[in-house]
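Biologist: I am new to reading protein models. Could you walk me through one, feature by feature?

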Amino acid sequence: MPEFLDPVAGFGVTFKAMFKKRLTEQYPEEKKPTAPRFHGRHQLNRHPDGLEKCVGCELCAWACPADAIYVEGADNTDEERYSPGERYGRVYQINYLRCILCGLCVEACPTRALTMTNEYELADRTRESLIYTKEELLVGLEDGMVAAPHAMHPGTDETDYYRGLVTEAAPGTVTQPRTTGGEPEAEDDVVAAPVRPGVDAEVHK
Ligand code: SF4
Ligand code: SF4
């Protein structure tokens with residue numbers, strides 16, 4: 001093509017593009033559903049009677065390549081039981097400023113306590129609000145569940161829970177008083193994964 005036609009050729013590209021199907025997405029006004037297995041925000045799951053599946057083993061934290069998870073386990077007692085068996089996750093935090101949503105933590109979890117949802121709207125205005133606490137990550141109660149802490153289903157042991165033999169809370173199950181469990185109350189007590197000097201010293205409180 002002669003050189004003097006170059007500007008016209010350039011307009012030709014523009015002209016052709018005007019009649020192509022537009023790919024622009026009108027987000028956030030129009031939200032497209034994600035793929036079913038999209039890796040979004042995490043969720044801490046419960047057994048069918050409401051006890052928590054997390055046993056505070058920290059395997060998810062060790063598997064995380066971004067040091068985004070912080071877990072503190074504690075012992076269950078008969079007076080204050082959060083999960084079947086010996087231990088539960090007293091403190092559980094995920095720092096979404098670090099998380100790359102890779103899902104390795106989900107693969108590492110031995111009890112299927114940790115899974116991922118399709119929720120992807122994780123932006124916020126403060127760094128603190130992007131450190132999700134156990135309270136924020138724990139799934140809500142469904143029919144047949146009673147909020148932990150409470151006693152295990154009578155006549156069952158930990159194994160029965162993992163075999164799926166417990167399908168709902170036993171009649172008369174009541175929530176026990178919380179004395180030691182749960183997230184720290186005071187803001188100053190909130191802890192998160194250790195800071196890497198020179199990398200993200202600004203990220204954590
Ligand atoms: S999804 Fe990946 S980066 Fe995020 S907390 Fe889990 S292991 Fe860490
Ligand atoms: S979420 Fe799973 S891997 Fe992580 S501490 Fe709880 S039980 Fe262990």
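Modeller: Let us go through the ligands, the sheet, the core and a few backbone details in turn.

Biologist: What should I know before I start?

Modeller: This is a predicted model, in which local features need pLDDT of at least 70, side-chain atom pairs count only at pLDDT 80 or more, and totals for chains, interfaces and linings use all residues. Residues are numbered from 1 along each chain as its sequence is written, while chains are lettered from A and ligands numbered from 1 in the order in which they are written.

Biologist: How many residues surround ligand 1?

Modeller: A residue is near a molecule if its C-beta atom, placed from the backbone, lies within 6 Å of it. Here 13 residues surround ligand 1, and the closest are Cys 64, Cys 99, Cys 102, Leu 104 and Cys 105. Ala, Val, Leu, Ile, Met, Phe, Trp, Tyr, Cys and Pro count as nonpolar, Asp, Glu, Lys and Arg as charged, and the others, Gly among them, as polar. On that scheme, the shell of ligand 1 has 12 nonpolar residues, one polar and no charged.

Biologist: And which residues are closest to ligand 2?

Modeller: They are Cys 54, Cys 57, Cys 60, Cys 109 and Leu 114, out of 14 residues that surround ligand 2. This shell divides into 10 nonpolar, three polar and one charged.

Biologist: Which residues does UniProt list for "binding site"?

Modeller: The unreviewed UniProt entry lists Cys 54, Cys 57, Cys 60 and Cys 109. Those four are spread over 56 residues of sequence, yet they cluster in space, with a largest C-alpha distance of 10.4 Å. UniProt positions are given in the numbering used here, feature names are shortened, and annotations may be inferred rather than shown by experiment.

Biologist: Is Cys 54 buried or exposed?

Modeller: We count other C-beta atoms, placed from the backbone, within 10 Å of a residue's own: 20 or more is buried, 12 or fewer is exposed, and in between is partly exposed. Cys 54 is buried because 27 other C-beta atoms lie within 10 Å. Cys 109 has 19 C-beta neighbours inside 10 Å, so Cys 109 counts as partly exposed.

Biologist: Where do these two residues sit along the chain?

Modeller: Helices (H or I, at least four residues) and strands (E, at least two) are DSSP runs, numbered from the N terminus. Cys 54 is in the loop between strand S1 (42-44) and helix H2 (59-63), and Cys 109 is in the loop between helix H3 (104-108) and strand S4 (114-116).

Biologist: What does Cys 109 touch?

Modeller: Two residues are in contact if their C-beta atoms, placed from the backbone, lie within 7 Å. Leaving aside neighbours within four places in sequence, Cys 109 is in contact with Leu 59, Cys 60 and Leu 114. With residues up to four places away likewise not counted, Cys 54 touches several residues, including Leu 44, Tyr 88 and Thr 111.

Biologist: How do I read a sheet?

Modeller: Strands of a sheet pair through backbone hydrogen bonds, either parallel or antiparallel. Two strands pair if DSSP finds at least two bridges between them. In this model, three strands form an open sheet in the order S2-S3-S5, with antiparallel pairing. Strand S2 (69-75) and strand S5 (131-132) stand at the edges with a single partner strand each, so one side of each has no neighbour in the sheet. S2 and strand S3 (residues 87-95) pair over seven bridges, and Ala 74 stands opposite Tyr 88 in S3. S3 and S5 pair over two bridges, with Ile 94 opposite Tyr 132 in S5.

Biologist: Which residues have the most contacts inside the largest nonpolar core?

Modeller: In soluble globular proteins, nonpolar side chains tend to be buried together. A nonpolar core is a set of buried Ala, Val, Leu, Ile, Met, Phe, Trp, Tyr and Cys residues joined through C-beta atoms within 7 Å. The largest one has 20 residues, and Leu 44, Cys 54, Cys 60 and Ile 69 have the most contacts inside it. S2 and S3 each supply at least two residues of this core.

Biologist: What about the backbone details?

Modeller: Most residues other than glycine have a negative phi, and most peptide bonds are trans. A cis peptide bond joins Tyr 27 and Pro 28, with omega about 10°, and another cis bond joins Ala 148 and Pro 149, with omega about 5°. Glu 58 has a positive phi near 75°, and Leu 101 has a positive phi of about 55°.
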